[in-house]
Structures are given as C-alpha cells and as structure tokens.
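Please work through each task before reading its solution.

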Amino acid sequence: MTVITGAEIFVDGELRKLDVAFDEKIRTIGRNLEGEERLDCSGKIVLPGVIDVHVHVRDFEQSYKEDWASLGRAALSGGVTTVFAMPNTQPPLDSVARVRDYRRRAQVSSINAYVYGAITRENLRSLDELAPHVDAFKLYLGETTGQLVISDKKLHREIFKIVTETEKVLAVHAQRGGDPDEVTRYEHDDICYVLDLAAAFDTKLHLVHVTTRRAVEAIVEAKKSKIDVSFETCPHYLFFTAQDREERGAWLKMNPPLATEEDREFLWWALGEGLIDIVATDHAPHTIEEKSVGYERAPAGVPGVEFLPPLLFDAVNAGRISLARLVEVCCRNPAKRFGLPKGEIAIGLDADLVVVDLDSKKTITREAVQSKCGWSPYEGMTLRGWPVMVVVRGKWYYPLTPGPSPS
Ligand code: NCD
Ligand code: ZN
Ligand code: ZN
C-alpha cells in the first residue's frame with residue numbers, strides 16, 4: 001500500500017488535510033495512515049486524475065503526428081490520467097480488429113485508454129458486433145479531419161436508432177464545415193437538429209466541442225425536457241476568439257472554429273454556474289510543417305491535452321472558477337457520463353490522482369511540449385498551478401518519470 005501524506009486531499013467537495021492510502025484502488029482516507037511506501041506531499045493538493053473525453057491519438061498511419069507513447073507522456077505531464085480516443089484515425093476505428101489493435105497499442109502508454117468506435121455506411125448494420133469492444137460511438141455530421149462524415153438525414157435516424165440499442169453513449173460532431181463565421185452562426189441550428197434526434201430515439205447523446213452561447217442555452221433547455229444529453233467545451237474556446245484566429249491564422253484553425261468574445265465570456269460564466277458538463281481538449285495534433293502552409297491549406301485542429309489541467313488550475317488561482325467546479329467538469333462528470341469507477345477521491349474507486357502545486361508558476365514553451373506535434377497554441381502563457389506527480393491505478397509518476405509499482 002502507498003500513502004500520500006502531508007497534503008490537502010479533495011474529498012466530498014472540499015480540500016481536507018488527510019492521508020490517502022491506495023494500491024490499484026483507493027483503500028483508506030484518514031489520519032496517520034500506515035503503508036510500506038509513503039509519499040510526502042506537504043504543501044500540495046491532491047485531486048482525482050483528470051479525464052479527457054476527447055483526444056485524437058493518430059496512432060496507425062498518422063503516428064508521425066502523435067502515437068500512444070507520446071500522447072501518454074503528454075497526458076501524464078499535465079495531470080491527465082484517462083483519455084477517450086477518437087476514431088478518425090487513418091484507417092478509422094470502424095472494426096473489431098482495428099479497435100483491438102488500437103487498444104493493444106495503447107498499452108505502451110501508462111494512462112487509462114478508452115476508445116470511441118467509428119460509424120460508417122459500411123459498418124452501420126454491424127454496430128452491435130463492434131459495441132462490446134468500444135466505450136462509446138462517435139458520429140461526424142460535419143466535414144473535419146478524416147473521412148467519417150455522414151450527411152444523409154435518413155441514415156442519421158437509422159444511426160440514432162441502432163446506437164441507442166447498443167446502450168452506448170453517442171458522441172456527435174454536430175457542427176457543419178465551411179466558412180468559419182457561418183459555422184459559428186449555425187452551431188445552434190445544427191445542435192438542435194441532433195437534440196431532436198436524441199429526443200426521438202431516447203439516445204444517450206454527448207455533444208462535442210460546443211462553442212456558442214446559443215448552442216449551450218439550447219442544450220440546457222433540452223435537458224429540462226428530459227433529453228439524455230451531455231456536452232463539452234474545450235480550453236481553446238475559453239482562451240481564444242475569432243479575433244485571435246485573425247491574428248494567428250492556421251495555428252488557431254480548428255473545427256468548429258473559434259467564436260466571438262461574447263461567446264467566450266459566456267462559456268466562462270456558464271462554467272462557473274455549473275451549466276457545462278465537461279471540459280475536454282479535442283487534442284488534435286498536426287505537425288508544425290502541416291500548420292505552416294497558410295490558413296486555407298492547413299489541417300484543422302490544435303493540441304491541448306497536456307495543458308488542460310494547468311490552464312484550469314491557473315483559472316482557479318485567478319478566481320475564475322472554483323476548485324470544486326474544476327473537479328466536476330474534468331473528473332466527476334466525465335466519469336459519471338461514461339460509467340467509469342473514477343473521477344473522485346473515494347474509497348473503492350480507481351487510484352487515479354494528480355498532486356498539484358498550486359503555487360508553482362511556469363511559462364509554456366515549445367521546448368517543453370510533450371506531444372509529438374511539437375507545438376502548443378498556449379506557448380508564451382504563464383500559468384500558476386502545475387501537477388508535480390500523478391498516480392494511475394496506483395502506480396505513481398513524477399511527471400514523465402515512472403515510480404515503483406505499489407504491488
Ligand atoms: C479534429 C482532428 O484533427 O482530428 N480536428 C479539429 O479541428 N477539431 C477533428 C474534430 O474533432 O473534428
Ligand atoms: Zn469534431
Ligand atoms: Zn476532435
């Protein structure tokens with residue numbers, strides 16, 4: 001058994017000066033706990049490990065952008081202990097064999113890896129075979145990286161019906177592609193279209209990367225009419241706007257595009273109010289070379305997995321959100337929505353933890369980026385609050401340095 005001592009532990013919604021003892025699971029929370037291995041974390045706080053439900057790992061043919069080893073290092077260095085990998089890989093995660101291969105590759109990383117299954121015209125009628133091998137399904141309604149977009153409305157209905165029968169969460173990229181201002185303008189309509197489908201088929205719907213005030217308000221309204229929907233926004237929509245894209249071009253090109261300052265301010269407000277279920281990164285690595293060819297030709301997507309926790313720790317320090325809210329949108333809600341025995345520091349749950357020095361201050365530099373893509377849209381930002389150690393199912397790591405196994 002390993003014991004973290006001296007720290008303040010986030011339990012039952014608040015920080016408390018307690019020890020936590022764990023092997024693969026959290027076993028005891030209390031005072032003066034015994035254990036063969038003691039980790040003195042005085043002056044630090046301990047939170048549940050962060051769960052990022054939206055990352056693109058790129059293993060298979062695009063592993064030059066990212067693979068499971070580099071993604072795992074990036075995640076750990078930031079305090080992310082669990083990721084959900086999107087299926088728009090090359091080739092996509094549309095069959096049992098591919099998903100098995102992907103999970104096998106994921107084992108080189110030290111993090112918890114979950115996988116979305118792709119939905120295509122070809123595999124649609126055999127999704128029940130794929131279902132036991134994936135953790136959720138993903139549907140693309142708008143053009144984006146990969147070739148998974150499905151625009152036939154009759155097929156949408158069939159997909160919602162079939163996925164609902166599998167009882168898996170259906171994550172949907174609802175926003176259309178095209179001119180950035182137009183995508184932003186129509187996000188609300190595109191999301192309402194999907195909410196209607198979820199209502200008609202009683203689907204467990206998760207809307208990815210929501211950017212606008214009107215879309216958030218529509219989802220909040222839909223929840224009142226008992227539609228089983230959750231949604232995420234992403235750090236880039238909290239920190240940047242279309243104005244920044246004007247200045248920085250392809251480096252801030254992503255789907256859906258950055259919205260307005262009003263939308264950005266609204267997202268922070270909604271986060272504070274508890275209206276946003278999940279913050280996920282949509283970590284979408286593309287190389288420096290690929291991003292250097294001008295806005296039109298560059299691929300859409302920005303990396304983010306390693307900086308999500310520090311960006312939000314800094315926001316806690318700045319008084320923008322409470323620590324409790326951070327834990328809710330980054331740990332508790334993702335775990336609840338996707339049915340994981342994680343997301344809180346509570347006896348019996350998986351020992352996924354992040355030890356944070358809320359006072360440590362660092363500037364994000366390109367050199368420090370762990371993602372294989374080698375850059376970050378957050379370069380140059382100075383943040384206060386950084387992880388100093390992570391624990392994944394009982395195994396502890398100083399960021400990037402494996403510690404001894406507890407067993
Ligand atoms: C993502 C990618 O590159 O895989 N890009 C993006 O701009 N968000 C795809 C996606 O999430 O739509
Ligand atoms: Zn998307
Ligand atoms: Zn994505």
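**Exercise 1.** Determine how the reach of helix α5 relates to the expected span, and where α5 is kinked.

*Solution.* Step 1: α5 covers residues 180-201, and its 22 residues reach 31 Å from the first C-alpha to the last, close to the expected 32 Å. The expected span is 1.5 Å times one less than the number of residues; helices (H or I, at least four residues) and strands (E, at least two) are DSSP runs, numbered from the N terminus.

Step 1: A kink of about 50° is centred on Y186, the bend being the angle between axes fitted to the seven residues ending at a position and the seven starting there.

Step 2: Just after α5, D202 has a positive phi of about 65°.

The model is predicted: local features need pLDDT of at least 70 and side-chain atom pairs pLDDT 80 or more, while totals for chains, interfaces and linings use all residues. Residues are numbered from 1 along each chain as written, chains are lettered from A and ligands numbered from 1 in written order, and side-chain values use heavy atoms, without hydrogens and water.

**Exercise 2.** Identify the residues that coordinate the zinc ion (ligand 3), and state whether H54 and D282 are buried or exposed.

*Solution.* Step 1: H54 (NE2), H56 (NE2) and D282 (OD) coordinate this ion at 2.0 to 2.1 Å; donors are N, O and S atoms within 2.8 Å of the metal (3.2 Å for Na, K and Ca), and sites may look incomplete because water is not among the atoms.

Step 1: The donor residues follow the spacing H-x1-H-x225-D. H54 lies in strand β8 and D282 in the loop between β15 and α10, 228 residues apart.

Step 2: H54, at 1% relative accessible area, is buried, and D282 is buried at 7%; buried means under 20%, exposed over 50%, partly exposed in between (1.4 Å probe, protein chains only).
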